[in-house]
Amino acid sequence: QAHIAEGDILFLLNGTTTRAVAEQLDPAKRVTIITNGIDIAAALRGKPNAEVILLGGVVDYAHNTLCGPLALKSLEHLHAARLISGAGGITEEKGVTIYPYLVSAYYQNIVRMVSEVILVADRSKLGRNALVQATALEEVDLIITDKVVPPEHLRMFKRHGVRCEQV
């Protein structure tokens, strides 16, 4: 919550960890959240000061997300300061990988648009790859993860200029 300030406009992309971020959002904070996540929009329902913008697209029920060309088109008129995203996997070779293939089509556009990329991922995502590359580690500013992270992963973050907060 320390990374979501009053008045923020941010992307909060779908995932179980990012849904937890949405659930923990202070209901008093006035924020605008742009999301592709059906679950995230539902989690924000009880947050009266959160304006929620759902990216359009095809419903992918397997991942509870909206994706495809319409979602990419939606980005043309939107601007946000930061991206908060989960990951299916994080490795040195592939960077950040995700499972929904169609989401990868606009993930990079979002990364280029924002000034800060924050990953929220538990240690189970470290050292494994998901289906498709979302972005390189160099594009990530901060990863928020568990307290128990193997030292080799901490060194990997440092090599790629990624700050790490262990909570």
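Student: Is Arg19 buried, partly exposed or exposed, and why?

Tutor: Buried means under 20% relative accessible area, exposed means over 50%, and partly exposed is in between (1.4 Å probe, protein chains only). Arg19 has a relative accessible area of 26%, so Arg19 is partly exposed. Keep in mind that this is a predicted model: local features need pLDDT of at least 70, side-chain atom pairs count only at pLDDT 80 or more, and totals for chains, interfaces and linings use all residues. Residues are numbered from 1 along each chain as its sequence is written, and side-chain values use heavy atoms, with hydrogens and water left out.

Student: Which residue forms a salt bridge with Arg19?

Tutor: Side chains of opposite charge can pair when their charged atoms come close. We call it a salt bridge when a side-chain nitrogen of Lys or Arg is within 4 Å of a carboxyl oxygen of Asp or Glu. Here the partner is Glu23, with the closest N and O atoms 3.7 Å apart. Both sit in helix 1 (residues 16-24), 4 residues apart, or about one turn of the helix. Helices (H or I, at least four residues) and strands (E, at least two) are DSSP runs, numbered from the N terminus. Glu23 is partly exposed because its relative accessibility is 42%.

Student: How many salt bridges are there by this rule?

Tutor: The count comes to 8. One of them joins the side chains of Arg123 and Asp146 (3.3 Å, N to O). Arg123 lies in the loop between strand 9 and strand 10 (132-135), and Asp146 in the loop between strand 11 (142-145) and helix 5 (151-159), so this pair ties together parts 23 residues apart in sequence. Asp146 is buried, at 19% relative accessible area. Salt bridges that share partners also join Asp8, Arg82, Glu116 and Arg163 into one network.

Student: Now the strands. In what order do the 7 strands of the open sheet come?

Tutor: Two strands pair if DSSP finds at least two bridges between them. The order here is 3-2-1-6-9-11-12, with parallel pairing. Strand 3 (50-54) and strand 12 (163-166) are the edges, each pairing on one side only. Strand 6 (residues 82-85) and strand 9 (residues 116-120) are joined by 4 bridges, and Ile84 stands opposite Ile118 in strand 9.

Student: Where is Thr32, and what does Thr32 touch?

Tutor: Contact means heavy atoms within 4.5 Å. Thr32 is in strand 2 (residues 31-35). Not counting residues up to four places away in sequence, Thr32 touches Asp8, Ile9, Leu10, Glu51 and Ile53. With a relative accessible area of 14%, Thr32 is buried.
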